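Here's a quick briefing to read alongside the structure. Have the viewer open and follow the points by topic.

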Amino acid sequence: MDRRVRKTRQAIFEAFIGLLAEKDFEHITMNAIADRANVNRGTVYLHYMDKFDLLDQCIDTHLAQLLGDCLPGGTTHHPTKAAIQHIFAYLEQHAFLYKTLLVNKGIPTFRNRLMDVMLRILREYIDESHIDRTMNKEVSAQFLASAIIGVLEWWIIQSMPYSTTDTVEQIWSLLEGMRVVPAPSH
C-alpha cells in the first residue's frame, strides 16, 4: 500500500476512534470524521463506503493486530500463561483504543468479534485437551470465553486496577483450579 494511502487511512482511523471516545457511534457522521482527520469528505468515501464499513475495517484491523502480535502462530495453539500475559500487556499498551471499542454502546460488534475469536480458540483447545469429557464442549467453551472476555473487559473499562501480572496470575489460577489448563508439576 502506498505510504500516502496508509497515512490517510491511519488519520481516518484515529479520527474515528477519537470521535467514538466522545460520542455514540450513531451520532458520528462522515463529515465529522473527515473534519477530524483533516481530509475531504470524498477522501473518506474513497476508502470506506460508509461509517459501518469504516467500523468493520477498524475492528478487523485492530483484531488482526492484536492476534498477530499476541498469537504469532495463529489461533491454533494451546493457551499458556505467557500468551495470556502477552495479550494483557498488548491491551494495556493500547488501552485507549480497546476501551473505546468496548465502551461505546453503539458498537457491540467489537466485543462480539472478540468473543468469536476466543470461542474458536477455546473450542480447538477443548477438542485437543484432556478437559473432562463428561462436560459439554460448547457449554465449556461458552463459559470460559464469557469469563475471560468479561474479566478482560472489566479490567480495561476500570482502567486496569490491577497490574497485568497480577490479573493474569489470578486468571491462570482460576483456570488451573477448574482443570482447564494443566496444574504445575511439583
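What pattern does the protein chain follow, read along the sequence? It goes α-α-α-α-α-α-α-α-α, so keep in mind that this is a predicted model as you look around. The tally is nine helices and zero strands.

**Overall numbers**

- Of the 186 residues in the protein chain, 41% are buried.
- The accessible surface comes to about 10600 Å², and carbon and sulfur atoms account for 54% of that surface.
- Take the contacts between residues at least 6 apart in sequence: 63% of them join residues at least 24 apart.

**Helices α5 and α9**

- Two packed helices are described by the angle between their axes and the distance between the axes.
- For α5 (residues 81–93) and α9, the axes come within 9 Å and cross at roughly 145°.
- The crossing of α5 past α9 is right-handed.
- On the α5 side, the contact is made by Lys81, Ile84, Gln85, Phe88, Ala89 and Glu92.
- On the α9 side, the residues involved are Thr164, Thr165, Thr167, Val168, Glu169, Ile171, Trp172 and Leu175.

**Salt bridges**

- Side chains of opposite charge can pair when their charged atoms come close.
- Aspartate 2 is partly exposed, at 36% relative accessible area, while arginine 4 counts as exposed at 63%.
- Arginine 36 pairs with glutamate 22, with the closest N and O atoms 2.9 Å apart. This one links distant parts of the chain: arginine 36 sits in helix α2 (residues 30–37) and glutamate 22 in helix α1 (residues 3–22), 14 residues apart.
- In that pair, arginine 36 is partly exposed at 40% relative accessible area, whereas glutamate 22 is exposed at 53%.
- Arginine 113 forms a salt bridge with aspartate 60, and their closest N and O atoms are 2.5 Å apart.

**Histidine 62**

- Setting aside neighbours within four places in sequence, histidine 62 is in contact with Phe13, Leu97 and Tyr98.

**Two loop residues with positive phi**

- Most residues other than glycine have a negative phi.
- Asparagine 38 has a positive phi of about 60° although it is not a glycine. You'll find asparagine 38 in the loop between α2 and α3 (41–47), where it counts as exposed at 70% relative accessibility.
- Serine 159 also isn't a glycine and has a positive phi of about 60°. Its place is in the loop between α8 (137–157) and α9, and serine 159 counts as partly exposed at 47% relative accessibility.
- Where does serine 159 lie relative to glutamate 92? The two are 67 residues apart in sequence and 9.0 Å apart in space, C-alpha to C-alpha. Glutamate 92 is one of the α5 residues in the contact with α9.

**A nonpolar surface patch**

- Which residues form a nonpolar patch on the surface? They are Phe143, Leu174 and Met178, with about 310 Å² of accessible area together.
- Methionine 178 belongs to the segment after α9 (164–177), and counts as partly exposed because its relative accessibility is 41%.

Methods. Residues are numbered from 1 along each chain as its sequence is written. This is a predicted model: local features need pLDDT of at least 70, side-chain atom pairs count only at pLDDT 80 or more; totals for chains, interfaces and linings use all residues. Side-chain values use heavy atoms; hydrogens and water are left out. Patches are made of residues with over 30% relative accessible area and no salt bridge: like charges are joined within 9 Å, nonpolar side chains (Val, Leu, Ile, Met, Phe, Trp, Tyr) within 5 Å. Accessible areas come from the Shrake-Rupley method with a 1.4 Å probe; for residues, only the protein chains shown count as cover. A salt bridge is a side-chain nitrogen of Lys or Arg within 4 Å of a carboxyl oxygen of Asp or Glu. Helices (H or I, at least four residues) and strands (E, at least two) are DSSP runs, numbered from the N terminus. Buried means under 20% relative accessible area, exposed over 50%, partly exposed in between (1.4 Å probe, protein chains only). Axes are lines fitted to C-alpha atoms, for helices over the stretch in contact, and angles run from 0 to 180 degrees between N-to-C directions. A crossing is left-handed if the near helix is turned anticlockwise from the far one by less than a right angle, and right-handed if clockwise. Contact means heavy atoms within 4.5 Å.
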